Amino acid sequence: MKANIRKIAVFLEETQTEMDRPVNPPTRRAAAVAVIANPCAGKYVEDLSELMTIGEELGELLTQKAVAALGIPGNHAESYGKAAAVGENGELEHAAAILHPKLGTPVRKVLGKGAALIPSSKKRGGLGVPLDIPLGHKDAAFVRSHFDGMEVRISDAPRANEIMVAVAVTDSGRPLPRVGGLTKDQIKGEDGLR
Amino acid sequence: MPEVAVRKRLSSVEEIFHEGGPRSNPPLRRAVALAVIRNPYAGAYVPDIASFMDDLKPLGLEMAKSLVQALGGDAKTVEGYGKGAIVGSAGELEHGALWHVPGGYAMREVLGGAKAIVASTKKIGGPGTRLDVPITHINAAYVRSHFDAIEVGLADAPRADEILLALVMTTGPRIHARVGGLKASEIKGEDGLR
């Protein structure tokens, strides 16, 4: 493993009722977050390929951890998202290098498919900064019931020379979706959009 | 007898490999179980609330078992524990105190009769409030290497009429513990203190 991982945190959230109405089956979302050393911290580095490779490793590891927390086979996942928070001695572009070039392919491999763009967010921040990971249906980005987000944070990360990298996976959409739009049973799943 | 109405749960596990020092194999693991329940006493002063402690016992047991599961399934690997509660704004601090007995005894039962008092904390707070749950060794409260804490919380809880209940367990000392004091290997384990 190329990444120097200080810690990994896995979160599993389950909503059973909303406004006293049962959510049946409960909606569940999981996020796996790695806190790694930022090899490019503190200086301008032109070539960010090291971070891209780290993104590839973490894509597989974190997706496996999130799916394991849900206790489902990868192909039962419904939505996904990714995010990164760079410590104060790093650049936003470091988050981009981890998230965008190579992280997605192993995520999709673990989940069997994943025709849709993986929604993402990134920021620079200090210890305990909340990371809002956007979520969207993995095969059809327009499925409205699955537009969502999951907040995660780790009180002691990211330190100045670290990056927090997160992958979120769900087996469901929002708890009681009722604002219309494309539903998951209408998905064609060809273009990643509908 | 008020029912225990759970709105949502969160479980999380941290694996800590290092904190700038030597890498630990296996990593230290710290697990959190949260449950957000309706506060049956919110909004008014209710003199007699103690019976709710019995109602909470099954939930306590379930959460304690889920923590052992999250840490790998073997109760013998658990070395530290703690508990806490955040009471929503329409409740009283005393409602948080209802968690002492069902939360504490559930963990001791699952761990096969742990001897030390379960370290705890509580507060009144709104959605997103964070709580630093204290942690001590399960059989001897004075073991210095196991004094620790985990920050917990949920972005959307507790609402005014809710209580967020927390149990936490860990598999060992702080990752680079080296400030002396009573060692886990020196425990007599009779009085819960040393």
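How many residues does the contact take from chain A and from chain B? The contact takes 15 residues from chain A and 17 residues from chain B, where two residues are in contact if their C-beta atoms, placed from the backbone, lie within 7 Å. Strand E1 of chain A (residues 5–18) gives the most to the side of chain A that touches chain B, namely 13 residues. That side of chain A consists of 6 nonpolar, 4 polar and 5 charged residues; Ala, Val, Leu, Ile, Met, Phe, Trp, Tyr, Cys and Pro count as nonpolar, Asp, Glu, Lys and Arg as charged, and the others, Gly among them, as polar.

The model is predicted, with local features requiring pLDDT of at least 70 and side-chain atom pairs counting only at pLDDT 80 or more, while totals for chains, interfaces and linings use all residues. Residues are numbered from 1 along each chain as its sequence is written, and chains are lettered from A and ligands numbered from 1 in the order in which they are written. Helices (H or I, at least four residues) and strands (E, at least two) are DSSP runs, numbered from the N terminus.

**Strand pairing**

Two strands pair if DSSP finds at least two bridges between them. The pairings are listed below.

| Strands | Sense | Bridges | A bridge pair |
|---|---|---|---|
| E1(A) and E1(B) (residues 6–16) | antiparallel | 9 bridges | A:Leu12 and B:Ser11 |
| E3(B) (residues 80–87) and E7(B) | antiparallel | 8 bridges | B:Gly80 and B:Thr170 |

Strand E7 of chain B (residues 162–170) is largely enclosed by the rest of the structure, because 9 of its 9 residues are buried. A residue is buried if 20 or more other C-beta atoms lie within 10 Å of its own, exposed if 12 or fewer, and partly exposed in between. In a regular strand the side chains alternate between the two faces of the sheet. Both faces of E7(B) are covered, with B:Glu162, B:Leu164, B:Ala166, B:Val168 and B:Thr170 buried on one side and B:Ile163, B:Leu165, B:Leu167 and B:Met169 buried on the other.

B:Val6 belongs to strand E1 of chain B and counts as partly exposed, because it has 18 C-beta neighbours inside 10 Å. Leaving aside residues up to four places away in sequence, B:Val6 touches A:Gln16, B:Ala35, B:Val36 and B:Ile37. From B:Val6 to B:Leu59 the C-alpha separation is 9.2 Å, although they are 53 residues apart in sequence.

**Helix packing in chain A**

The axes of helix H1 (residues 49–70) and helix H2 (residues 92–99) of chain A come within 6 Å and cross at roughly 45°. H1(A) and H2(A) are therefore oblique to each other, since angles under 35 degrees count as roughly parallel, over 145 as roughly antiparallel, 65 to 115 as roughly perpendicular and the rest as oblique. On the H1(A) side the contact is made by A:Leu51, A:Met52, A:Ile54 and A:Gly55, and on the H2(A) side by A:His94, A:Ala97, A:Ile98 and A:Leu99. These residues divide into 6 nonpolar, 2 polar and no charged.

**Backbone features in loops**

A cis peptide bond with omega of about 5° joins B:Asn25 and B:Pro26, and B:Pro26 lies in the loop between E1 and E2 of chain B. Another cis peptide bond, with omega of about 0°, joins B:Ala157 and B:Pro158.

In chain A, the loop between E1 and E2 holds A:Met19 and A:Asp20. A:Met19 has a positive phi of about 50° although it is not a glycine, and A:Asp20 has one of about 65°. A:Met19 counts as exposed, with 7 C-beta neighbours inside 10 Å, and A:Asp20 is exposed with 8 other C-beta atoms within 10 Å.

How values were computed:
Axes fitted to C-alpha atoms, helices over the stretch in contact; angles between N-to-C directions.
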